[in-house]
Number of protein chains: 2
Amino acid sequence: MTQKPSPTLDFWYEFASPYSYPVAMRIDALAKASNVTVNWKPFLLGPVFSAQGWQDSPFNLYPAKGAYMWRDMERICQQQGIPFQRPQIFPARSVLAAKVAMIGASDGWIAPYSRAVYTAVFALDMDIFRPETIRSILADLDLNAAQILDRAQTGEGAHLRQQTEGAIKRGIFGAPSFTVGAELFWGGDRLQSAINWALDST
Amino acid sequence: MTQKPSPTLDFWYEFASPYSYPVAMRIDALAKASNVTVNWKPFLLGPVFSAQGWQDSPFNLYPAKGAYMWRDMERICQQQGIPFQRPQIFPARSVLAAKVAMIGASDGWIAPYSRAVYTAVFALDMDIFRPETIRSILADLDLNAAQILDRAQTGEGAHLRQQTEGAIKRGIFGAPSFTVGAELFWGGDRLQSAINWALDST
């Protein structure tokens, strides 16, 4: 008798992405309720947007879209019962936070770390470009911040570039995105659809 | 004793917009289940996109986004149980169809007419730029096609321009969109949120 594999879902996110924040805060609980395993996959939107000819966030480039998004974030976070504060720096420079997340993926603390980074950006208006911010997040998780930051800055974080290239190869063009095999779902609103797809295709 | 007004929702759509099609096919039934009244508001995306610096649909300008959208449309239509065929002409030139819809708004047949136009574009791959297509849709609804087309082309359709300007003033930047007072919701995924907002704010 063979055991069916547990359904899995890849969650592609970028720490500067507003709509990724409420998803990060609820995805594990929601997936667990359906017995679906989530692979947290941080990547950088910068190269994705550059490939589309954008040198800034589309929310900055297109003011109507940006104005809508900030109001929408207020509504979504209020409905979800999570704090929200519009960050003064947008988009956040997320490369260090994302490199550290890659180490968290190896070491098993990526989910709580990522939730803490999102809270820093979108609830506490902290600057995640500053190593001090990341250091304090890691310390709050009882992790060895100095050692992890060293690993992130001296090579291990380079996997982030491969993961970003992998995102582009899969056709990902924004965040949050979800993949189940070759099937791509874009946007926080599609999380349940992606979970259902994982369930149906296992 | 005063009677509470029935909650209402404005549905902003463009006949060339793929994601507006599945919404058009279900919005009346879904809103009716919550006793919400839908105002069908056709507008043109061309001027909206021009204002954002785009001379074509973003689904054509950004290939990854476009590839995703066509696959997503297949999934959504299959789940909703409505036919879907990717149109050969995209985006459809929708100005005549939309001018006729403005007359339908005055005369009370805008919803069935709009559903028929969407079916023509996204299920039957018909060219709605051709007056013959619109004529046959109107005739199928037992309407006086010749008279209506004449009205659309000789002035009454001009309200479409005002409605498009109204959409831009409200901050609308894509379709489908929904408004309840000053609150804007963008995307078919937000239809239920918009209905809930209409219910809560009445």
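Arg71(A) and Glu74(A) sit three residues apart in helix α4 of chain A, about one turn of the helix. Helices here are DSSP runs of H or I with at least four residues, strands are runs of E with at least two, and both are numbered from the N terminus. Before I go on, the conventions. This is a predicted model, where local features need pLDDT of at least 70 and side-chain atom pairs count only at pLDDT 80 or more, while totals for chains, interfaces and linings use all residues. Residues are numbered from 1 along each chain as its sequence is written, chains are lettered from A and ligands numbered from 1 in the order in which they are written, and side-chain values use heavy atoms, with hydrogens and water left out.

Arg71(A) and Glu74(A) form a salt bridge, with 2.8 Å between the closest N and O atoms. A salt bridge means a side-chain nitrogen of Lys or Arg within 4 Å of a carboxyl oxygen of Asp or Glu. Arg71(A) is partly exposed at a relative accessible area of 29%, and Glu74(A) is partly exposed at 39%. The classes are buried under 20% relative accessible area, exposed over 50%, and partly exposed in between, using a 1.4 Å probe and protein chains only.

Arg71(A) also meets Glu183(B) in a salt bridge, 2.9 Å from N to O. That pair crosses between chains, from strand β4 (residues 183-186) of chain B to helix α4 of chain A. Glu183(B) is buried, with a relative accessible area of 15%. Then there is Arg71(B) with Glu183(A), a salt bridge at 2.9 Å, N to O. Arg71(B) is in helix α4 (residues 63-80) of chain B and Glu183(A) in strand β4 of chain A, so this pair joins two chains. Arg71(B) is partly exposed at 29%, whereas Glu183(A) is buried at 15%. Through shared partners, salt bridges join Arg71(A), Asp72(A), Glu74(A), Arg75(A), Glu183(B) and Arg190(B) into one network.

Now the interface as a whole. How many salt bridges does the rule find across the interface of chain A and chain B? It finds six. One salt bridge between the chains is Asp72(B) with Arg190(A), at 2.7 Å, N to O. On chain A, α4(A) gives the largest share of the side that touches chain B, seven residues. In contact, meaning heavy atoms within 4.5 Å, are 19 residues of chain A and 19 residues of chain B. The two chains bury about 2000 Å² between them, 53% of it on carbon and sulfur atoms. Buried area is the accessible area (1.4 Å probe) that two parts lose on being put together, summed over both. Tyr68(A), Arg75(A) and Arg190(A) supply 29% of the area that chain A buries against chain B, more than any other three residues.

Arg75(A) also lies over the face of Phe185(B), 3.8 Å from the ring centre, and over the face of Trp197(B), at 5.9 Å. The rule is NZ of Lys or CZ of Arg within 6 Å of the ring centre and within 35 degrees of the ring normal.

Last, the rings. There are 45 aromatic pairs over all chains. Rings of Phe, Tyr and Trp (its six-membered ring) pair if their centres lie within 6.5 Å; planes under 30 degrees apart are stacked, over 60 edge-to-face, and the rest tilted. Trp12(A) and Phe43(A) have ring centres 6.2 Å apart and planes at 75°, so they are edge-to-face. Both Trp12(A) and Phe43(A) are buried.
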